[in-house]
2 protein chains.
Amino acid sequence: MQQKPFYPEKRVFIISAGSVVGQKEKKGPLGALFDFSGDDRFGKDTWEKSEAEMQRLALGIALRKAELMDYEIDLLFAGDLINQCLSSAFGLMGYRVPYLGLFGACSTCAEGLLLASASVSAMCRRAAVVTSSHFCSAERQFRYPVEYGGQRPPTAQWTVTGAGAFILSSSPRDAVRCGSEYVPEITELMPGCLVDRGITDAANMGAAMAPAAADTIRRYLDSGVDSSSALFVTGDLGAEGSAILHDLLRADGIELEARHTDCGLRVYDRTESDAHAGGSGCGCSATVLAAELLEKLRLGQMPDIVFLATGAFMNALAVNQGQSIPGIAHLIRIKAAKRCDLIEEKGGVPDGADR
Amino acid sequence: MQQKPFYPEKRVFIISAGSVVGQKEKKGPLGALFDFSGDDRFGKDTWEKSEAEMQRLALGIALRKAELMDYEIDLLFAGDLINQCLSSAFGLMGYRVPYLGLFGACSTCAEGLLLASASVSAMCRRAAVVTSSHFCSAERQFRYPVEYGGQRPPTAQWTVTGAGAFILSSSPRDAVRCGSEYVPEITELMPGCLVDRGITDAANMGAAMAPAAADTIRRYLDSGVDSSSALFVTGDLGAEGSAILHDLLRADGIELEARHTDCGLRVYDRTESDAHAGGSGCGCSATVLAAELLEKLRLGQMPDIVFLATGAFMNALAVNQGQSIPGIAHLIRIKAAKRCDLIEEKGGVPDGADR
């Protein structure tokens with residue numbers, strides 16, 4: 001098995017990002033950073049349509065920030081948690097961009113960034129990634145009707161109502177055009193393996209996903225890369241999963257706790273909200289990456305992150321059939337590239353040739 | 001929007017394929033060509049586990065044919081129709097290969113081949129693609145309980161019980177090692193856009209998907225590629241969808257009928273089976289491609305195909321909410337490359353350096 005990370009053959013930049021969230025997320029500690037927030041309905045008459053609308057908005061915002069039209073994007077990767085990933089299909093149908101649907105559970109954001117990196121490196125110039133989740137559409141599909149108000153154990157997480165969109169480009173000109181002092185650059189990719197440790201509790205996703213995160217991190221560190229300058233950011237392990245991750249790695253002699261954070265722990269104030277172990281869902285890692293982490297990279301407030309979105313593979317039927325819940329974690333290394341270096345690099349390219 | 005097909009930067013070969021089907025498919029006109037068939041349970045106690053088992057078997061067969069171990073594969077792309085794509089996750093969990101889940105409805109086979117091509121071209125050497133469907137797991141999820149025996153209209157299609165697996169490599173050495181007189185080579189890729197023409201009848205997937213197939217074919221032909229030698233093969237339009245496709249293209253002055261076939265029309269004998277408009281499902285295009293089409297390419301019985309797997313985005317809830325059913329069609333051009341030419345090409349590579 002591939003024990004080294006993949007390195008894209010061309011440089012890959014995240015030239016813009018958009019984030020859309022609901023009310024609860026807006027009230028959280030990152031509330032001021034999101035691009036757009038609405039009531040959780042977003043003007044629609046079903047939760048599923050509301051989630052689709054968030055995807056539409058998030059991509060629209062990312063396109064506007066990059067000053068691009070949809071037809072200037074070559075490929076669109078998208079996914080969500082809803083059966084047959086319909087939030088993505090319905091939300092993005094209005095954009096005339098070739099569409100590739102993904103299902104990586106809550107890891108979809110990192111999976112999309114990984115495949116978009118491969119694509120802009122191998123066969124096209126720009127690709128977009130969009131993922132979302134919505135508390136109400138997810139809750140009634142995976143657990144109980146929202147109105148039922150089922151009691152949630154302390155290990156349960158709260159599905160983030162939110163969508164994140166990203167535009168990737170292999171063109172230094174795009175990077176210079178859209179960058180701030182720095183431009184987020186994807187430098188290493190390490191796809192995760194399915195890891196099943198026999199967890200069957202659908203209210204403890206952190207426990208199902210932590211072993212997968214530990215597996216990917218272990219393989220990444222074993223490969224000999226230098227990650228000493230990086231902050232490790234997992235997608236939605238929450239409090240329970242993060243503690244398990246630290247323990248699992250500690251057993252292998254890896255001390256990660258001091259340089260690890262989790263998007264699910266950042267998005268809500270756990271003392272004030274009802275989020276229990278933290279946030280989760282495709283929208284959790286995507287909105288925190290888009291609104292907070294990438295912005296910090298752009299502004300030079302953070303040099304380097306190792307981003308791992310984690311996912312748990314379950315559906316209502318499988319849980320009822322007593323199946324275990326395998327987890328997965330895909331890793332993306334994102335560094336802040338100096339914009340001024342890129343200006344020198346693209347020196348020879350004649351104006352406009354690249355657009 | 002990208003109006004030209006993508007060309008992988010390296011040569012991409014399909015070095016092996018495996019197919020597993022159920023009883024009804026075994027009795028069909030292609031029955032003798034499939035690698036493995038079982039009773040539809042495949043030794044498991046739920047239909048979902050049976051479907052997962054078909055995926056496991058299909059990949060195992062493809063690996064065995066390529067004389068490879070799982071750890072010699074760098075990436076695994078997989079998808080199916082079951083909620084949250086669990087047939088893929090459970091079926092392939094035992095293989096220790098980084099896993100990327102896809103959801104492209106019945107187009108997943110072509111989507112996987114497209115992304116695997118990009119990956120082996122950009123960042124790794126070998127990738128595998130596995131997709132499946134199972135009549136019993138799909139029927140009860142999308143329509144009615146199997147035991148209910150709901151009546152099916154003539155436009156309905158029969159979900160193929162089957163799984164197909166493919167191993168792609170960018171190494172000419174692999175191609176020479178695994179090839180027959182010819183080696184199937186992926187030369188062009190054209191991802192599809194979501195196309196919605198307002199179809200709301202969940203028993204007429206052909207009508208939902210045909211406009212998407214027409215859209216992709218139109219873009220492909222408009223790009224000026226020479227496809228005169230190619231047979232166009234769609235995934236699962238069936239009789240209804242194929243007729244609509246021919247009509248739609250004819251309205252644009254494109255006469256495709258004489259050089260078009262559909263996997264859904266090839267897999268069952270429609271006069272003898274109860275398949276109505278033909279076969280469908282992720283397993284339909286995958287098993288026909290694996291068992292019949294690639295084999296004909298390998299043996300020199302067919303020089304060139306334009307393969308389009310088609311998908312329809314729906315779930316039970318969306319249909320009940322009155323949502324329309326968008327379709328998609330991804331295109332893969334596969335040609336028969338002469339094995340002897342590859343032997344010359346790899347001339348300079350020292351023995352074993354490539355493995």
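Modeller: Gln323(B) counts as buried, with 21 C-beta neighbours inside 10 Å. Keep in mind throughout that this is a predicted model.

Biologist: What makes 21 neighbours enough for Gln323(B) to count as buried?

Modeller: The label of buried needs 20 or more other C-beta atoms within 10 Å. Gln323(B) has 21, so Gln323(B) is buried. Gln323(B) lies in the loop between helix 11 and strand 13 of chain B. Leaving aside residues up to four places away in sequence, Gln323(B) touches Phe90(A) and Ala318(B). Gly198(B) is 125 residues from Gln323(B) in sequence, and their C-alpha atoms are 8.4 Å apart.

Biologist: Which label does Ser228(B) get, buried or exposed, and why?

Modeller: Ser228(B) has 7 C-beta neighbours inside 10 Å. Exposed means 12 or fewer, so Ser228(B) counts as exposed. The loop that holds Ser228(B) runs between helix 7 (205–222) and strand 9 (231–234) of chain B. Between Ser228(B) and Arg259(B) the C-alpha distance is 9.4 Å, for 31 residues of sequence.

Biologist: How do you know whether Glu67(A) and Gln84(B) are buried or exposed?

Modeller: Glu67(A) has 12 other C-beta atoms within 10 Å, and 12 or fewer is the limit for exposed, so Glu67(A) is exposed. Gln84(B) has 27 C-beta neighbours inside 10 Å, and 20 or more is the rule for buried, so Gln84(B) is buried. Glu67(A) is in the loop between helix 2 (47–65) and strand 3 (75–79) of chain A. Gln84(B) is in the loop between strand 3 and helix 3 of chain B.

Biologist: Why are helix 7 and helix 8 of chain A called oblique?

Modeller: Helix 7 (residues 205–222) and helix 8 (residues 238–251) of chain A pack at about 40°, with axes 8 Å apart. Roughly parallel needs an angle under 35 degrees and roughly perpendicular runs from 65 to 115, so the pair is oblique. The crossing of helix 7 of chain A and helix 8 of chain A is right-handed. Among the residues that meet are Ala210(A) and Ala214(A) in helix 7 of chain A, and Ile244(A) and Leu248(A) in helix 8 of chain A. By class, this contact holds eleven nonpolar residues, three polar and one charged.

Biologist: What makes helix 4 of chain A and helix 4 of chain B roughly perpendicular?

Modeller: Helix 4 (residues 108–122) of chain A and helix 4 of chain B pack at an angle of about 65°, their axes 9 Å apart. The range for roughly perpendicular is 65 to 115 degrees, so the label applies. Their crossing is left-handed. Residues in the contact include Leu115(A) and Ala122(A) of helix 4 of chain A, and Leu115(B) and Ala122(B) of helix 4 of chain B. The contact has six nonpolar residues, four polar and no charged ones.

Biologist: How many residues does each chain bring to the contact between the chains?

Modeller: Chain B has 52 residues in contact with 51 residues of chain A. On the side of chain B that touches chain A, helix 4 of chain B gives the largest share, six residues. That side divides into 33 nonpolar residues, 13 polar and six charged.

Biologist: Which residues touch the most other members of the largest nonpolar core?

Modeller: They are Ala128(A) and Ala128(B), in a core of 254 residues. Not counting residues up to four places away in sequence, Ala128(B) touches residues including Leu59(B), Ile73(B), Val97(B) and Phe166(B).

Notes:
Residues are numbered from 1 along each chain as its sequence is written. Chains are lettered from A and ligands numbered from 1 in the order in which they are written. This is a predicted model: local features need pLDDT of at least 70, side-chain atom pairs count only at pLDDT 80 or more; totals for chains, interfaces and linings use all residues. Two residues are in contact if their C-beta atoms, placed from the backbone, lie within 7 Å. Helices (H or I, at least four residues) and strands (E, at least two) are DSSP runs, numbered from the N terminus. Ala, Val, Leu, Ile, Met, Phe, Trp, Tyr, Cys and Pro count as nonpolar, Asp, Glu, Lys and Arg as charged, and the others, Gly among them, as polar. Axes are lines fitted to C-alpha atoms, for helices over the stretch in contact, and angles run from 0 to 180 degrees between N-to-C directions. Angles under 35 degrees count as roughly parallel, over 145 as roughly antiparallel, 65 to 115 as roughly perpendicular and the rest as oblique. A crossing is left-handed if the near helix is turned anticlockwise from the far one by less than a right angle, and right-handed if clockwise. A nonpolar core is a set of buried Ala, Val, Leu, Ile, Met, Phe, Trp, Tyr and Cys residues joined through C-beta atoms within 7 Å.
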